[in-house]
Amino acid sequence: METVTVERFIAAPVQDVFGWLITTTHYEASPLVVRCRLARRGAGAAYGVGAVRRHLWLTGWFEEHITRYEPPYLTEYVVVRSLPPARHELGRMTFTEADGGTHVRWSTRAEIRVPFLGAGPTRRLTRLIARPLIIRAFGSILDAAAAALTR
């Protein structure tokens, strides 16, 4: 399992940053994202606990279920299905008010699933292939959020 964390400072209020990043369709502002949609509304809020988001990125297809929702400071999710197949334990975004804006920390814990390979090669593939792709995708989405919110 590989933990990947990407952080950014966005010069916008925490409520605005949280609202932008929780709303899946905004991810399409990233050149690495093809399509995102809310497949099922959450309890109490569209992107609240129980919401199902489906993403098609250049890196793959993912179905995420929101497991924790504490606006405007925290959201957590788990990827329940993906292509390419991956094991996913946790995705988390935290939002902290900072002088002049918001500090965002986006972490995930996952690994590529390759049934015919042992644990060692799977860990290496995750580190060498999945980790850089995740960093680039998360960074691209965070950069798109910063651009949209600081115009």
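Ring pairs link Tyr27, Trp57, Phe62, Trp106 and Phe138 into a cluster. Keep in mind that this is a predicted model.

User: How many aromatic pairs are there in the structure?

Analyst: The structure has 6 of them.

User: Why is the pair of Trp106 and Phe138 called stacked?

Analyst: Two numbers settle that one. A pair of aromatic rings is described by the distance of the centres and the angle of the planes. The centres of Trp106 and Phe138 are 3.8 Å apart, within the 6.5 Å cut-off for a pair.

User: What makes Arg53 count as lying over the face of Tyr77?

Analyst: Arg53 is 5.5 Å from the ring centre of Tyr77, and the distance limit is 6 Å. Arg53 is placed over the ring face, too.

User: OK, the largest pocket. What lines it?

Analyst: There are 21 lining residues, with Thr59, Phe62, Ala86, Ala130 and Ile134 nearest the centre of the pocket. Elements giving two or more residues are β4 (60-70), β5 (74-83), β6 (86-98), β7 (101-112) and α2 (119-149). The top contributor is α2, with 7 residues. As for volume, the pocket holds about 420 Å³ of space.

User: How does that lining divide into nonpolar, polar and charged?

Analyst: It splits into 15 nonpolar, 4 polar and 2 charged residues.

User: Which element of the chain has the lowest mean pLDDT?

Analyst: That's α2, at 84, while helix α1 (residues 14-22) has the highest, 98. Over the chain, pLDDT averages 91, and 93% of the residues score at least 70.

User: Where are the prolines Pro72 and Pro84, and what is omega at their cis bonds?

Analyst: Pro72 sits in the loop between β4 and β5; the bond from Pro71 to Pro72 is cis, with omega near -5°. Pro84 is in the loop between β5 and β6, and the cis bond joining Leu83 and Pro84 has omega about 0°.

Note on methods: Residues are numbered from 1 along each chain as its sequence is written. This is a predicted model: local features need pLDDT of at least 70, side-chain atom pairs count only at pLDDT 80 or more; totals for chains, interfaces and linings use all residues. Side-chain values use heavy atoms; hydrogens and water are left out. On a 1 Å grid over the protein atoms alone, a cavity is a set of points where a 1.4 Å probe fits but cannot get out, and a pocket is an open set with protein on both sides within 12 Å along at least five of seven lines; lining residues have an atom within 4 Å of a point. Grid points are joined across faces, edges and corners, and a volume is the space filled by probe spheres set on the points. Helices (H or I, at least four residues) and strands (E, at least two) are DSSP runs, numbered from the N terminus. Ala, Val, Leu, Ile, Met, Phe, Trp, Tyr, Cys and Pro count as nonpolar, Asp, Glu, Lys and Arg as charged, and the others, Gly among them, as polar. Rings of Phe, Tyr and Trp (its six-membered ring) pair if their centres lie within 6.5 Å; planes under 30 degrees apart count as stacked, over 60 as edge-to-face and the rest as tilted. A charge sits over a ring if NZ of Lys or CZ of Arg is within 6 Å of the ring centre and within 35 degrees of the ring normal. pLDDT is the predictor's confidence in each residue, from 0 to 100.
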